[in-house]
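Let's take a friendly walk through a protein model, going from single residues to the whole chain. Have a look at it before reading on.

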Amino acid sequence: MRTMTRTGRGAVLLTMCAGMFLVQLDVTVVNVALPTIGARLGAGVAQLQWIVDAYAVVLAALLLTGGALGDSLGHRRVVIAGFAVFGAASAGCALAAGTGQLIGFRVLQGIGAALLLPGTLAVITDAYPERREQARALGIWAGVSALALAGGPLFGGAVVAAVGWRWLFWLNVPLVAAAIALSLRLVPAGAREDRPVDWAGAATGAVCLASLVYAVIDGGTNGIGAGALAVVAGIAFAFSQRRGAHPMVPVELRGSASFLGANLVAGAMNLVGLGTILVATLYLQDVLGAGPLGSAVRMLPLFAPLALLAPVTGRLTARYGPRTPIVAGLALGALGMLNLLRVGPGSGYLTLLPTLAALGAGMGLLTAAVVSAAVSGAPAGYGGVASGVNNTARQAAGAIGVALFGALAGEPRDAAEFTGGLHAIGVTAAALWLAAIAVTVATIRPAPRPLRAGAARPR
């Protein structure tokens, strides 16, 4: 990327954050509308899960391909193509006449988002090559991402209550048009790498993920078959990465323990976070009887600290490194998830509140730190792939979390069974995040101590 002024870098950062905001918004904006969509289109819990996961699964499955295409063709070109596909698919979702059509257009939304998202992170890391500035920029990126997660349910609840669920998708269309215009004007074309895309890895990875999530959601005979297909596709993906001439996950990235560890932690973060958003929304609306907007307001204790802490974590990571905020965030979130053991059929919102607040604060400490740990060590020329791997880890785990936690919770119309499922979710989530602490300590090194005032910087 050509040398840019501070103002130019800031404009690029804001433009890429806007694109990422749309992608992240559509991860959660639909959650609060699920009961309404289910009533209008006659959808059950499994279909509602697929309205969320059709987008999330395709997004996760194709993120590596999107990152590799950006490295090969230029990130601005691929980002703009992603915007165009995302906007057209949003219009299709708004026009959907049934659940099947809605799920199909959510798949197309996921394709557009997969083209778009890795490029936003790659462009930012290219614009801010110095470690401290990059960590601060990633903190802003993570804060905007958290703001999208926070604003999704609140915005979705307000829109559904005012004009109906279809406007959740119609409103994307003019925003996408504006983002395309800004990208053409502000984002440099950037460098292109003469490196073929690993289509075998892309295909086997996509089949593996989609089959795995289907197996978790279905749980019956079809689920067993899908699970077997996931295993076969996973083996084929691993073989393609070891034997292929141009693997999707190059050896330069696979050989870094901190890169692998950070992505495992990022996956654990999203699995618990997005899975909890789904079941908490269903609990608030279908068990406690809150409406779409009311449940969105009650979710703010989760989303507000996530949005507010992410930029702060970026500054902390720039100064002290990612290890400390990651461990603190995981420990706080694990305690919050164990609070679900207190939730019962007769308990109210205040019993759930500590889980929402602790999980939000924990993810606020985690997000910028795990992204920084994952992308800061990527070699030159692999920015798109590195960001694709990180986003894949987070989005794939988030899709699995929605499927897994939805399966554990069961149908919310049976309050006793549903809250019993929340107990299992709390224990599972806490154990997963405690294991993630061990991974963090083993793989992510503490940063060097910050320099004292007046000390000479190494050259």
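Is V402 buried or exposed? V402 is buried, because its relative accessible area is 3%, where buried means under 20%, exposed means over 50% and partly exposed lies in between, using a 1.4 Å probe and protein chains only. Before going further, note that this is a predicted model, in which local features need pLDDT of at least 70 and side-chain atom pairs count only at pLDDT 80 or more, while totals for chains, interfaces and linings use all residues. Residues are numbered from 1 along each chain as its sequence is written, and side-chain values use heavy atoms, with hydrogens and water left out.

| Residue | Helix | Relative accessible area |
|---|---|---|
| N270 | α12 (residues 257-287) | 8% |
| V402 | α17 (residues 383-409) | 3% |
| L332 | α15 (residues 323-338) | 33% |

What does V402 touch, leaving aside its neighbours within four places in sequence? V402 is in contact (heavy atoms within 4.5 Å) with Q49, V52, D53, L274, G275 and L278.

Apart from neighbours within four places in sequence, N270 contacts G275, R394, Q395, A397 and G398.

L332 counts as partly exposed because its value is 33%. Its contacts beyond four places in sequence are A358, A361 and G362. The C-alpha atoms of L332 and G362 are separated by 5.4 Å, although the two residues are 30 positions apart along the chain.

**The largest pocket**

Rolling a probe the size of a water molecule over the atoms shows where empty space is left. A pocket is an open set of points on a 1 Å grid over the protein atoms alone, where a 1.4 Å probe fits and protein lies on both sides within 12 Å along at least five of seven lines; lining residues have an atom within 4 Å of a point. The largest pocket holds about 680 Å³ of space, counted as the space filled by probe spheres set on the points. Its lining has 27 residues, and those closest to the centre are L64, F237, T392, A393 and A396. Two or more lining residues come from each of α3 (45-73), α9 (199-218), α10 (221-243), α12 and α17. Helix α9 gives the most, with 7 residues.

**The nonpolar cores**

A nonpolar core is a set of buried Ala, Val, Leu, Ile, Met, Phe, Trp, Tyr and Cys residues joined through side-chain atoms within 4.5 Å. In the largest one, which has 117 residues, L102, W141, W165 and W433 touch the most other members. Helix α12 gives the most to this core, with 15 residues. Another core of 7 residues lies apart from it, with L64, A202, F259 and V389 among them.

**The whole chain**

How many helices does the protein chain have? There are 18 helices and 0 strands, a strand being a DSSP run of E with at least two residues. Of the 459 residues, 57% count as buried. Among contacts with a separation of 6 or more, 83% join residues 24 or more positions apart.

Technical notes. Helix = DSSP H or I, 4+ residues; strand = E, 2+ residues; numbered from the N terminus.
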